Amino acid sequence: MMYVVFILAALITIYSAVKLSSFADVIGERTKLGGMMAGTILLAGATSLPEVTTSLTAISLNNPDIAVSNVLGSNLFNLLILAVADVYFRRKQMFSNIGLDHLMTGFVNFGLMAFVFIAVLFPTGYHFFNIGVEMYLLVLFYTVGMKMISSSSQANKIEAEAAAAAESSYHTGAISLKKAKFGFALSALIIFIAGSALTVSGDAIAAATGLSSSFIGTFLIAGATSLPEVVTVIVAVQLANYHMAVGNILGSNMFNLLILVLSDFFYRSGPVLSFVAPVVLITAAAVIILNLVILAGMIFAQSKMSNTYNYFLPSVIVIVFYFISSYFLWTLS
């Protein structure tokens, strides 16, 4: 039954994510958000809802390992999604058709993830109102990073002008803005509920198989909760909305780290990062390395060295490194 619940929750998540992506595309087209900000803020927050419910449910089950490894594993899996999409749709050369604004989001992600790695490696143990001091700093760095991203609006302005110049499009003509907002909210709610089912069934699978909670959280649950990102990236690329595809992944990875703050708030035994298994450090390090390779891929794609034959090499490196890190995690688990 636990496998049936897990699969059903995953299928519901996929279907809702397809709708969510389409509604977000309409909202991005018909408002001043544009594809980049719609992907980085609106869509990223909604597709991260399964991670929210997963981590909070894990805390209620007194399993901080799943709460933290789910977040870091989702970030790792999200970067794999972006790399696989880039390789599969290599003729579209996704990274060549986005603004350098996304580099800012990528560097902010790198900085936040490096901070989390240090916090897990050297937990201070200090806390205020039962929230680790690291979480206060994480929120501060996140706020500063979002301001830096918002100020970098060149791609957003260009895209807004292009959207205004286009008199009609499939989504704009087929779905009203009011219907898109309602559909977006409803799809997000369904995804939110499905996330709880994924966690409870995933926790049961961990107990039944004997695998560590860190491994289950990093791969099985993280992979399932990242299904909305898989669907939204595929849909966005097919719609040639590359800003939304990249912005959704990088924005989700930023938003996911705030879930650690929420988990720490509800975990009553102390700072949550002090109660995770050391193997989590491997996941955190893998996220940092893959993030750097993705950033290098963006820069390379828009350089003169990039061509049809070597364009997708950075994404291939991401995919290979993902499976290497998976092997080490499996061995240690």
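Modeller: A helix axis is here a line fitted to C-alpha atoms over the stretch in contact, and the angle between two axes runs from 0 to 180 degrees between N-to-C directions. The model is a predicted one. Two packed helices are described by the angle between their axes and the distance between the axes.

Let us begin with helix H11 (residues 227–238) and H12, whose axes lie 7 Å apart at an angle of about 160°. Angles over 145 degrees count as roughly antiparallel, and H11 and H12 are therefore roughly antiparallel to each other. Their crossing is left-handed. From H11, the residues in contact are Glu-229, Thr-232, Val-233, Ala-236 and Val-237, which meet Tyr-242, Met-244, Ala-245, Asn-248, Ile-249 and Ser-252 of H12. By class, this contact of H11 with H12 comprises seven nonpolar, three polar and one charged residues.

H12 (residues 242–266) also packs with helix H3 (residues 49–60): their axes come within 10 Å and cross at roughly 25°. That angle makes H3 roughly parallel to H12. The crossing of H3 with H12 is right-handed. On the H12 side the contact uses Phe-255, Asn-256, Ile-259, Leu-262, Ser-263 and Phe-266, while H3 contributes Glu-51, Val-52, Ser-55, Leu-56 and Ile-59. The contact of H3 with H12 holds seven nonpolar, three polar and one charged residues.

A further pair is formed by helix H4 (residues 64–88) and helix H13 (residues 280–301), packed at about 25° with axes 9 Å apart. H4 is thus roughly parallel to H13, and H4 passes H13 in a left-handed crossing. H4 brings Asp-65, Val-68, Ser-69, Leu-72, Gly-73, Asn-75, Leu-76, Leu-79 and Leu-82 to this contact, and H13 brings Val-280, Thr-283, Ala-284, Ala-286, Val-287, Leu-290, Asn-291 and Ile-294. Eleven of the residues in the contact of H4 with H13 are nonpolar, five are polar and one is charged.

The whole structure has one cavity of 30 Å³ or more, and the largest cavity contains about 60 Å³ of space. Helix H5 (101–121), H12 and H13 each supply at least two residues of its lining. The lining of the largest cavity consists of Asn-75, Asn-109, Phe-110, Met-113, Asn-253, Leu-257, Val-287, Ile-288 and Asn-291. Among them, Asn-75, Val-287 and Asn-291 also take part in the contact of H4 with H13. The lining of the largest cavity has five nonpolar and four polar residues, with no charged ones.

Key. Residues numbered from 1 in each chain as written. Predicted model: local features only at pLDDT ≥ 70, side-chain atom pairs only at ≥ 80, totals over all residues. Heavy atoms only, no water. Helix = DSSP H or I, 4+ residues; strand = E, 2+ residues; numbered from the N terminus. Parallel < 35°, antiparallel > 145°, perpendicular 65-115°, else oblique. Left-handed = near helix turned anticlockwise from the far one by under 90°. Contact = heavy atoms within 4.5 Å. Nonpolar A, V, L, I, M, F, W, Y, C, P; charged D, E, K, R; others polar. 1 Å grid on protein atoms, 1.4 Å probe; cavity = no way out; pocket = protein on both sides within 12 Å on 5 of 7 lines; lining within 4 Å. Points joined across faces, edges and corners; volume = space filled by probe spheres on them.
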